[in-house]
Amino acid sequence: MLDQTEGYITEDGRKIGGVVMEMKNITLRFGGVVAIKDISFDIREGEIRAIIGPNGAGKSSMLNVISGFYVPQEGEVWFRGAPRPQMKPYQVAQQGIARTFQNIALFEGMSVLDNVMTGRLTQMDASLWKQALWKWGGAEKEEVANREIAEKIIDFLEIQNIRKTPVARLPYGLKKRVELARALAAEPKLLLLDEPMAGMNVEEKEDMSRFILDVNDEFGTTIALIEHDMGVVMDLSDRVVVMDYGKKIGDGTPDEVRSNQDVIDAYLGVSHD
Amino acid sequence: MFYREAGDFKTSYVEDGQTFPIRFDRYRYYFVLAVAFGIVPFFINDYWANAILLPFLIYAIAAIGLNILTGYCGQVSLGTGGFMAVGAYSCYKLMTAFPDVSMFIHVLLAGGITALVGVVFGLPSLRIKGFYLAVATLAAQFFLVWLFNRVAWFYNYSASGQINAPEREVFGIIITGPNATSTAAYLFCLIFLVASALVARNLTRGTIGRTWMAIRDMDIAAEIIGVNPLRAKLTAFAVSSFFVGISGALFFAVYLGAVEVGEAFGIQKSFLVLFMIIIGGLGSIFGSFAGAAFLVLLPVALKVFGVDIMGWPTDIVAHFQLVIVGGLIILFLILEPHGLAQLWRVAKEKLRLWPFPH
């Protein structure tokens, strides 16, 4: 089923392309603590890739390596067929990788619309002079064009009615959705979601799951997500990486992972003699 | 009743993004502009110009500048006085070196030079934040004042160590020096204020303004969505210092005429402008106007009330002013950290629903 170069067709008929991002033998240490130990896996175009594991397994560290916050001591990150040089997080963003955070990281002093528009930043390039002159400098035209795209995403995530509300006033579930909107506004090639469903009730989880599937389906966005809710992960994702104590203990389709003995041991616990 | 959005349908994003979305506000804005340009110049006299209008116009520019840095980008600065001094001294050097060039160009160039100096002193902001950055900008304040005091080249080796504005003109109208009329000085400053406010508004509502606010609200998240922190902070320092430099140049050349740096641009000036934006409202262009108006009018109002009406001694009234300003700062910080601008916004919210609030 897995072809290295060509990709594959999923059971529900979506076409998964070639490898977009590949982690090669990543090792990350903080002093004496080894957070990630020699992990390799790939993310293919158009798929939903999950990273799961018990607490402290190194999942978030992995995401931080991908988005440029942490620099691994060993190993390479390959993006779109080339090894990625060491980069600052904003340069990673400019390459087309967007993410959300486990603890919401929105701009509390700004409205929902401004937050989403800030997500368009990597696509806007009017200079300071043009912006100072606004209408006469052409900045207004750019603003309107990007506003249109931002509004499409606001529509898509069904947050039209709160677009002018300051983010600080919103409830938790909506904030998570606004954060997703801000990440989507960048039209990312790869979207990283760090526990998009943490702290939500069942209904909100269902909503969020639907949005994630819709994003993947309609925009064809490649998604890598970390999630604790096993039911959600198994239902959503095409392939799953399982981590435990910084090591990779499983990799494959949800069914393969579910029947993997190491994974069962890690989750259910086994006596380490 | 007539203060409503209802019936005023926005059919394009341009209309939705305009500065005054409510029609009544828009007319009020045009009205104020018309009065400021068309009526005030005919009634202005030296007392009004020197006691109220000129300081208000000039401080409002400085407040807009500091508000961009502190209110929008979240970088606290105590170096405003020093940057105003850079504007004043570079304007002086330009005026004496190129006497035939228009004052417009001198003032703009002075702003540009201040922007460059601001960028240099903004470099520490990449490493340090909050209180520590405030102390670093304080160092800029003291260093710049010391520099203009000590290096005689800056004041053209004059015996007094002061700088005096020579007579310069714009299109044949004398703007600076003792023979300038108050009307000319007023209009000259007004043009700069209106242009500064427009540019500041344009910058803060677009991409660059959002990157500043992103850095202010959460710098880590800003970086992850593609904001280059170096660029964002340094542009904020540059733009802010540009406006502060212009206000310093006007303060020296048009308003005071003669300046001794420690006296005119000392640390008190930095605090005064900082108080203006705290009382007026951080992160608001209108707040810069409100704060400047408030702190310029307060001493005048107190003098009229205390000395002219109540007959108290002048020094007591002057001391009262310090007490009141200090008390107000504390009150605003506790009760309304967003300043007069927020009170104004709340009033407008209420007015929109009046007289049927339910």
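Select strand S6 (residues 74-79) of chain A, which two bridges join to the antiparallel S7(A). Strands here are DSSP runs of E with at least two residues, and helices are runs of H or I with at least four, numbered from the N terminus; two strands pair if DSSP finds at least two bridges between them. This is a predicted model, in which local features need pLDDT of at least 70, side-chain atom pairs count only at pLDDT 80 or more, and totals for chains, interfaces and linings use all residues. Residues are numbered from 1 along each chain as its sequence is written, with chains lettered from A and ligands numbered from 1 in the order in which they are written.

Pick Phe79(A) next: its bridge partner in S7(A) is Ala82(A). Then widen the selection to the open sheet of four strands, ordered S4-S3-S6-S7 (chain A) with antiparallel pairing. Its edge strands, S4 (33-44) and S7 (82-83) of chain A, each pair on one side only.

Now colour domain 1 (8-96 + 188-268) and domain 2 (111-174) of chain A; the bounds come from an automatic or database domain assignment. Their C-alpha centres lie 28 Å apart. Six residues of domain 1 of chain A are in contact (C-beta atoms, placed from the backbone, within 7 Å) with four residues of domain 2 of chain A. On the domain 1 side, H2 and helix H7 (202-219) of chain A each supply at least two residues.

Finally, show chain B. The contact takes 34 residues from chain A and 25 residues from chain B. On the side of chain A, the largest share, six residues, comes from H5(A).

Notes
Two residues are in contact if their C-beta atoms, placed from the backbone, lie within 7 Å.
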